[in-house]
There are 2 protein chains.
Amino acid sequence: MSHSVCVVGSVALDSIKTPTGSADDVLGGSCSYFSVAASFFAPINMVGVVGSDFPEEERAFMESRGINLEGLEVVDGATFRWTGRYHENMNNRDTLDLQLNVFGEFDPKLPPSYRDSALVFLANIQPGLQTSVLSQLGSYKLVGADTMDHWIEESRDDLLELLADVDILSINDSEAEQLSGERNVVVAARKILEMGPKSLLIKRGEYGALLFSANDVFAVPAYPLETVVDPTGAGDCFAGGLFGSLAESGEFTGKGLRRAIVYGSVVASFAVEDFGLGRLKTLSREEVEERYKAFMSLTDFHS
Amino acid sequence: MSHSVCVVGSVALDSIKTPTGSADDVLGGSCSYFSVAASFFAPINMVGVVGSDFPEEERAFMESRGINLEGLEVVDGATFRWTGRYHENMNNRDTLDLQLNVFGEFDPKLPPSYRDSALVFLANIQPGLQTSVLSQLGSYKLVGADTMDHWIEESRDDLLELLADVDILSINDSEAEQLSGERNVVVAARKILEMGPKSLLIKRGEYGALLFSANDVFAVPAYPLETVVDPTGAGDCFAGGLFGSLAESGEFTGKGLRRAIVYGSVVASFAVEDFGLGRLKTLSREEVEERYKAFMSLTDFHS
């Protein structure tokens with residue numbers, strides 16, 4: 001039987017413009033992307049906050065994915081909203097508008113039923129809040145965390161305190177450079193591992209990902225896609241697929257961890273094929289397995 | 001027994017500045033990098049031109065690698081010289097000085113002994129000259145080619161004529177975008193394959209490489225290196241390792257091609273560890289095999 005994964009992060013309504021289209025008020029936020037991605041593999045316990053305007057259909061969608069919403073607090077007011085526009089080169093984007101709304105006062109509280117979650121993922125929120133979530137959990141087996149440039153700059157001490165308790169830190173390459181002060185990714189990884197995390201996943205978007213542990217490095221390319229509609233949430237979906245797969249297999253190191261990273265890549269590769277969580281709404285586990293096999297074929301020179 | 005590889009391109013003396021050091025008048029040029037890299041796997045027949053100032057020790061070095069220099073013409077005058085400076089981000093560089101010298105009048109002529117080379121690699125020179133080399137060869141089995149932004153812009157018709165006869169085109173991602181007019185690498189590759197080449201290798205530097213054929217895609221990450229001293233010639237060394245391995249195995253498709261691409265990555269990963277061809281001067285085939293095994297371990301999730 002799968003372990004369950006407790007995840008805390010943002011739940012948002014996003015409005016997204018890309019060079020080829022746009023979408024308004026779609027389900028977004030790190031916690032939503034992570035949870036839906038992870039739900040293909042394991043039971044998910046979500047911790048977040050939304051306003052009274054949060055659409056019933058999005059709640060129903062997440063419940064249909066087996067996501068436990070007991071820890072999704074509903075507060076009088078408006079849900080977190082983000083509006084962004086991607087450049088012609090979709091590695092770059094501008095935030096056009098950001099309204100924290102009820103998320104600005106987010107103080108995550110775990111329902112008692114969540115406290116036995118074996119895995120926990122602390123998506124991108126203030127590091128002090130990430131630590132507070134961890135302290136509310138019982139006997140967890142594996143802690144994952146993400147962060148962002150803002151916290152690395154503004155809450156470095158809180159972040160370093162958190163990192164001592166993290167098993168897998170999942171960040172992108174520019175965050176790794178900022179956190180370590182090192183441009184070379186191998187040197188950066190070594191410095192970050194010295195800060196506490198047992199493993200470091202560096203996400204490189206269309207170029208794939210690297211996993212560094214004390215005595216091991218794993219590299220996986222991204223799945224080459226002909227159409228990238230919307231990169232929003234790809235990193236959170238990567239982490240969701242990764243932690244979902246770890247929860248499902250119970251193998252947190254070695255081959256189990258490598259396979260989980262490939263599952264993360266697979267789910268992320270689907271996520272960018274439509275706006276928001278559009279593609280994941282129709283995705284099946286069979287399609288996930290098909291693309292996993294395609295990934296094996298894409299990268300195989302071992303046989 | 002290995003097939004032999006005929007290669008035509010530039011032979012130069014390079015002066016290189018990087019953020020951490022510099023080297024003056026070191027052996028460079030696409031033909032030199034390719035030949036030395038390929039010489040770990042197969043006999044190489046070099047076609048190029050140098051001036052009367054070309055150092056005897058560099059000639060002796062190449063001969064010590066078993067490279068046939070019968071087609072390396074020596075002309076009164078000075079050898080091609082390039083001076084460049086890399087930025088802090090070594091993906092970017094400026095050419096500070098370029099003196100074509102005797103290379104400006106290069107008109108490649110193949111010695112009769114080269115005409116039975118089974119493989120030919122047309123490194124980056126004017127596409128009309130690349131075609132002229134091909135027409136001087138007998139019954140070759142496999143044609144590889146490289147090109148650059150200048151020829152894509154200035155000699156597009158000559159280049160398209162050449163591409164009809166190319167088995168493996170080896171270019172970098174910005175050249176693929178320029179040649180195809182497409183930013184998405186999968187769409188770009190499809191368009192370029194329609195121009196003639198049976199396979200397209202897209203080199204992405206520290207992010208690895210992609211091989212596209214009609215019904216197959218192969219992706220390999222780059223070997224993560226803690227120290228990159230000088231990226232000059234890495235792409236030529238990649239092609240050299242690739243074509244050397246193909247010549248050695250005689251397997252030009254499928255698994256043989258994939259293994260050859262990994263050998264290309266391996267040799268390129270050594271090449272950047274020192275200025276110019278410094279690292280390859282001491283490299284052994286045993287070290288190549290060790291890093292090939294490290295590459296398998298780096299990328300394996302298949303077992």
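Because the model is predicted, local features are described only at pLDDT of at least 70 and side-chain atom pairs count only at pLDDT 80 or more, whereas totals for chains, interfaces and linings use all residues. Residues are numbered from 1 along each chain as its sequence is written, and chains are lettered from A, with ligands numbered from 1, in the order in which they are written.

**View 1**
Chain B is superposed on chain A by a rotation of 180° with 0.0 Å of shift along its axis, and the RMSD is 0.0 Å; the superposition is by least squares on the C-alpha atoms of residues with pLDDT of at least 70 in both copies. The two copies are thus related as by a two-fold rotation axis. The same surface serves both of them, since 100% of the contact residues of chain B recur in chain A, where two residues are in contact if their C-beta atoms, placed from the backbone, lie within 7 Å.

**View 2. The side of chain B that touches chain A.**
Chain B gives 26 residues to the contact, and chain A gives 26 residues. On the side of chain B, the elements that supply two or more residues are α7 (185-194), β13 (216-220), α9 (254-271) and α11 (285-299); helices (H or I, at least four residues) and strands (E, at least two) are DSSP runs, numbered from the N terminus. By class, this side of chain B has 16 nonpolar, four polar and six charged residues, with Ala, Val, Leu, Ile, Met, Phe, Trp, Tyr, Cys and Pro counted as nonpolar, Asp, Glu, Lys and Arg as charged, and the others, Gly among them, as polar.

**View 3. The nine-stranded sheet of chain B.**
In chain B, nine strands form an open sheet with mixed pairing, in the order β5-β4-β1-β8-β9-β10-β11-β12-β13; two strands pair if DSSP finds at least two bridges between them. Strands β5 (67-75) and β13 of chain B stand at the edges, each with a single partner strand, so one side of each is left without a neighbour in the sheet. From one strand to the next, the twist averages 15°. Within this sheet, strand β10 (residues 168-172) of chain B runs parallel to strand β11 (residues 199-203) of chain B, to which five bridges join it, and B:Leu169 has B:Leu200 in β11(B) as its bridge partner. Helix α6 (residues 173-180) of chain B lies across β10 and β11 of chain B, running at about 110° to β10(B); axes are lines fitted to C-alpha atoms, for helices over the stretch in contact, and angles run from 0 to 180 degrees between N-to-C directions.

**View 4. The four-stranded sheet of chain A.**
An open sheet of chain A, again with mixed pairing, has four strands in the order β3-β2-β6-β7. Strands β3 (21-28) and β7 (93-99) of chain A are its edges, each with a single partner strand, so one side of each is left without a neighbour in the sheet. Strand β2 (residues 12-18) of chain A pairs with β3(A) in the antiparallel sense over six bridges, and these two strands form a hairpin with two residues between them. A:Asp14 stands opposite A:Val26 in β3(A), while A:Ala12 has A:Gly28 in β3(A) as its bridge partner. A:Ala12 also stands opposite A:Phe80 in β6(A), and β2(A) pairs with strand β6 (residues 80-86) of chain A in the parallel sense over six bridges.

**View 5. Enclosed and open strands in the sheet of chain A.**
Five of the seven residues of β2(A) are buried, so this strand is largely enclosed by the rest of the structure; a residue is buried if 20 or more other C-beta atoms lie within 10 Å of its own, exposed if 12 or fewer, and partly exposed in between, with C-beta atoms placed from the backbone. Of the seven residues of β7(A), the number buried is zero, so β7(A) lies largely in the open. β7(A) pairs with β6(A) in the antiparallel sense over six bridges, a hairpin joins β6(A) to β7(A) through six residues, and the bridge partner of A:Trp82 in β7(A) is A:Leu98.

**View 6. The surroundings of B:Phe40.**
B:Phe40 is found in the loop between α1 (30-38) and β4 (44-51) of chain B, and B:Phe40 is buried, with 24 other C-beta atoms within 10 Å. Leaving aside neighbours within four places in sequence, B:Phe40 is in contact with B:Gly244, B:Val267, B:Arg285 and B:Val288.
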